[in-house]
Amino acid sequence: MSEQTGTLRLTMAQALLKFMENQYLEADGEEIPFFKGVMGIFGHGNVTGLGEALEQGNGRLVFIQGKNEQGMVHAAAAFAKQTNRRQIFACTASIGPGSLNMVTAAAAATVNRIPVLLLPGDHFACRQPDPVLQQMEVGSDYTVSATDAFKPVSRYWDRITRPEQLMAAALQAMRVLTDPAETGAVTLALPQDVQAEAYDYPASFFAKRVHTSDRRPPAAASLKRAAERIAAARRPLIIAGGGVHYAGAIRELTDFAEAFGIPVGETQAGKSAMSWRHPLSVGGIGVLGTKAANLLARDADLIIGVGTRYSDFTTASKWLFRHPRVSFLNLNVQGGDGIKMDGLPLIADAKESLPALKAALTAMSYRSGYDPEELTRLKAEWDAEVDRLYADEAEGGLSQTRALGIINQTIDPEAVIVNAAGSLPGDLQRLWRSVHPKTYHMEYGFSTMGYEVSGAFGVALAEPGRDVYALVGDGSYLMLHSEMITSLQERRKITILLFDNHGYQCIHNLQRENGSGGFGNEFRYRSPETGSLSGDYLTFDFAAHARSLGVKAYSATTAEELEAALKLAKEEEATTLIAISVLPGIHTGGYESWWRVGVPEHSTSNEVNAAYRRMLQRTGEARPF
């Protein structure tokens, strides 16, 4: 440091890391370092810049070596999600394909409102050696590079073409990363020459900064309007979204529901906010919801959305709510979510606003109009349905619901399960019985195949004291399982429960539900007779594959084998995989819901034409906005 000028001469990459080391987040009086570390895969676009800075740095940031760029960003996002967005990782990759591999995971983070800092390498700002290896050349605009692909999937995007630009960009990045309403992926594209350029940075840039996550209280007028809306309702229904977890409003949600006798449905992100055992918990809602929740939603005269963005799965493509005078009250920190479904917005933090609403409604002597016996009956009927599916003894093998029942009843209730795609999200949202908060980790904003194993590793980083299980289909596992190697490297055990059902059976079923005979979604050999993919099933020894990578592995084809394998896996010290053979095409569906997909308006298939007519009918019954 220069005593005369109060500056530090550092490369841009060195300065970025030093800045990151001094960023803190204060939430509810607790102050913690915001950046846990950096995950990265090095190439010529970042190894001699950011890589050298990480190698020479003596700070507190841990470096984790990724094995797939998309996978490591999923792991970073899962880490941030599990910590309720209070601590994050940055991710770095080289230019070209290395950086582009992060785009899918960046989109998943942004859709799910999860903060992650992306530091992709970029081509030379000086342009002297152009075109360099892996550089895009766009004849109409030479400023375009591969990192421009991050623009539509980032909440904030910038390219640092001079080292001094870092200061303004870094502060803007922190603004977005710590904003509960606007957070998501933040991308700082780093040209490889600029990473290595030195600059005399003012020492004040590296001073400790504490970013305060202030809770937004409800405005008095908004609170009054919200209380009046609820007071006029006889059959309100709460939809608990991910915002309940991020706000830490678990207790407040339960207190509010109990005070007025209001049942609580849950989204994929909101699941585990209320124990399944609670008499007011009616489970998942929408396309993947329970019959109890969806029947209550059908007849509700008010939907109280708490921290939900109302995806089409949650609303059953806006078809679910059938009361002629149903209205919506949307409690959310994000203004865009607050006005969805033409709702009355209450833009505020859930932990602040639920007690305030409770006080206002108590003063009005409010109580919902539900007959307690109705809620008890609906819940009991659904609990019996789950028991039935958990005990299902299918002919010819193990059903997916039976396998889930064994898992749910065998593993520790404090364990965290991770999932994202395929048929498992539906069965899990309907059937999985969560007792404790933050034990159900689902990436369903983007439903990204391949998130499961990477996400489980990220959760294990965030929750070292908990068992973590990745529930993954064979299709997702084949797409992306590389970060299980990183879990071995970092000595963070995860247990991978691989459901082998011979392909993309969720989409195979979707085809058949809409008139198709099923095409291109099962793992089959090409038939020499027909020339199509209609031969025998491909077979894989997933356990042997896992063992070849150093992972402990078991196989299970029966309920007894699965229960035994789960108990053995619990005793293993390192990452373990259980390959579970389940029957294809068998999973739960329906339960008073509908999902709109684009059925062809014309087809040579009578079944497809009939499906199109059914779609038109349901679309006509759904809300237009």
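Me: Why is Asp337 called buried?

Reply: In this predicted model, Asp337 has a relative accessible area of 3%.

Me: What makes the pair Asp337 and Lys340 a salt bridge?

Reply: The closest N and O atoms of Asp337 and Lys340 are 2.8 Å apart. The criterion is a side-chain nitrogen of Lys or Arg within 4 Å of a carboxyl oxygen of Asp or Glu; the pair therefore qualifies. Lys340 itself, at 26% relative accessibility, counts as partly exposed, because that class lies between the 20% and 50% limits.

Me: Why is the pair Asp28 and Arg86 said to tie together parts of the chain?

Reply: The closest N and O atoms of Asp28 and Arg86 are 3.1 Å apart, and the limit is 4 Å, so this is a salt bridge. Asp28 is in the loop between S2 and strand S3 (30–33), while Arg86 is in the loop between helix H3 (69–82) and strand S6 (88–93). The two parts are 58 residues apart in sequence, so the pair links them.

Me: Are Glu266 and Lys271 buried or exposed?

Reply: Both are buried: Glu266 has a relative accessible area of 6%, and Lys271 is at 3%. Each value is under 20%, so the term holds. Their side chains meet in a salt bridge, at 3.3 Å from N to O.

Me: What is the bridge partner of Glu266 in S14?

Reply: The partner is Gly284. Glu266 belongs to strand S13 (residues 264–266), which is joined to S14 by three bridges, the two running parallel.

Me: In which order do the six strands of the open sheet stand?

Reply: The order is S14-S13-S12-S15-S16-S17, with parallel pairing.

Me: Why are strands S14 and S17 said to stand at the edges?

Reply: S14 (281–284) and S17 (344–347) each have a single partner strand, so one side of each has no neighbour in the sheet. From one strand to the next, the twist averages 20°. Helix H11 (residues 291–299) packs on this sheet, where it touches strand S12 (236–240) and S14, and its direction makes about 100° with that of S14.

Me: Why is strand S20 described as largely enclosed?

Reply: Six of the six residues of S20 (residues 468–473) are buried, so the rest of the structure largely encloses this strand. Both faces are covered, with Val468, Ala470 and Val472 on one side and Tyr469, Leu471 and Gly473 on the other. In a regular strand, side chains alternate between the two faces of the sheet.

Me: How many bridges pair S20 with strand S21?

Reply: Five bridges pair S20 with S21 (residues 495–500), in the parallel sense; in one of the pairings, Val472 has Leu498 as its partner in S21. Strand S18 (residues 416–419) also pairs with S20 in the parallel sense, over three bridges, and the partner of Ile417 in S20 is Tyr469.

Me: What makes helix H16 mostly covered?

Reply: Nine of the 11 residues of H16 (residues 400–410) are buried. Among them are Arg402, Leu404 and Ile407. The buried residues pack against several elements, including S20, S21, helix H15 (372–390) and helix H23 (559–571).

Me: Is Met442 buried or exposed?

Reply: At 2% relative accessibility, Met442 is under the 20% limit and therefore counts as buried. Met442 lies in strand S19 (residues 440–442). Beyond its neighbours within four places in sequence, Met442 contacts Lys81, Gln268, Asn419, Ala420, Pro425 and Leu428.

Me: Why is Gln23 called buried?

Reply: Gln23 has a relative accessible area of 0%, which is under 20%, so the term applies. Gln23 lies in strand S2 (residues 23–27). Its contacts, leaving aside neighbours within four places in sequence, include Phe34, Arg60, Met174 and His211.

Me: Which residues make the nonpolar surface patch of about 220 Å²?

Reply: The patch is made by Phe42, Val47 and Phe63. Phe63, in strand S5 (residues 62–65), counts as partly exposed at 31% relative accessibility. Patch members need over 30%, so Phe63 passes at 31%.

Methods: Residues numbered from 1 in each chain as written. Predicted model: local features only at pLDDT ≥ 70, side-chain atom pairs only at ≥ 80, totals over all residues. Heavy atoms only, no water. Pairing = 2+ DSSP bridges. Helix = DSSP H or I, 4+ residues; strand = E, 2+ residues; numbered from the N terminus. Axes fitted to C-alpha atoms, helices over the stretch in contact; angles between N-to-C directions. Contact = heavy atoms within 4.5 Å. Patch = residues over 30% accessible without salt bridge, like charges linked within 9 Å, V, L, I, M, F, W, Y side chains within 5 Å. Areas by Shrake-Rupley, 256 points an atom, 1.4 Å probe, with all protein chains shown as cover. Buried < 20%, exposed > 50% of the residue type's maximum accessible area, 1.4 Å probe, protein only.
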